[in-house]
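Please look at the sequence and the model first.

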Amino acid sequence: MPPKAAAKKEAAKKEEPPKEEPKPAAPPKREAPKLDEGVLEDFKDWYTLFDEMGDGKIYGRQIGDVLRSFGENPTVALCDQFIKEIGDDKRIDFDTFLPYLGEAMKFRDPFDNYEAFQECLKCYDKDGIGVIDSAAFRHGLSYLGEKLKDEEIEELMSGLEDGDGRINIDGFCTFLLKEGKDAEEPKEEKK
């Protein structure tokens, strides 16, 4: 390259603004879950069990274990994403942790909602009419997955079967989800 051309190229380089390194994308905005005070205090107490230094904080690498101890089931990929955002050795306090808990709660078990539970029970509805054969369902409850004892099955199905030995899927789902909700809500004392 002739000297004049090299000098021009060098001058053009000096006039160009320096290229900035692209900044890493900011982590998505996460919201803390809305929990009542009692649950929040229980979670805070549980959180401190993972605090190895006694400063009210956990390491970023512990987030998956803490979320699972809270009853959540985050995927490995989600935990890896959280750890990448937080930092493996960075320590976070409970308030910083809460938005990650909120994010993990978005991926809760589908049995937490009526429609998914109803859809699952349709595998027992051979005729597609919204009822299940109670004998086949009893068999499933006693032999598949987490097996229930006969007494537990009787207690669960008590009053739900019709005269033909069938159970209405909608009624069963409503009953189960209402029972779970009633068990979580404190009952008011009668005066």
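**Helix packing**

The axes of helix H4 (residues 76–86) and helix H5 (residues 94–105) come within 12 Å and cross at roughly 160°. H4 and H5 are therefore roughly antiparallel to each other (an angle over 145 degrees). This is a predicted model, in which local features need pLDDT of at least 70, side-chain atom pairs count only at pLDDT 80 or more, and totals for chains, interfaces and linings use all residues. Residues are numbered from 1 along each chain as its sequence is written, and side-chain values use heavy atoms, with hydrogens and water left out.

**H4 and H5**

- Leu78, Phe82, Glu85 and Ile86 in H4 are in contact (heavy atoms within 4.5 Å) with Tyr100, Glu103 and Ala104 in H5.
- The residues of this contact comprise five nonpolar, no polar and two charged.

**H7 and H8**

- Helix H7 (residues 134–143) and H8 have axes that come within 10 Å and cross at roughly 135°.
- H7 and H8 are therefore oblique to each other.
- From H7, Ser134, Phe137, Arg138, Leu141 and Ser142 meet Ile153, Glu154, Leu156 and Met157 of H8.
- Five nonpolar, two polar and two charged residues make up the contact of H7 with H8.

**The two sides of H8**

- Helix H8 (residues 150–157) has Ile153, Leu156 and Met157 as its buried residues (under 20% relative accessible area).
- Just after H8, Gly159 takes a positive phi of about 85°.

Terms used
Buried means under 20% relative accessible area, exposed over 50%, partly exposed in between (1.4 Å probe, protein chains only). Helices (H or I, at least four residues) and strands (E, at least two) are DSSP runs, numbered from the N terminus. Axes are lines fitted to C-alpha atoms, for helices over the stretch in contact, and angles run from 0 to 180 degrees between N-to-C directions. Angles under 35 degrees count as roughly parallel, over 145 as roughly antiparallel, 65 to 115 as roughly perpendicular and the rest as oblique. Ala, Val, Leu, Ile, Met, Phe, Trp, Tyr, Cys and Pro count as nonpolar, Asp, Glu, Lys and Arg as charged, and the others, Gly among them, as polar.
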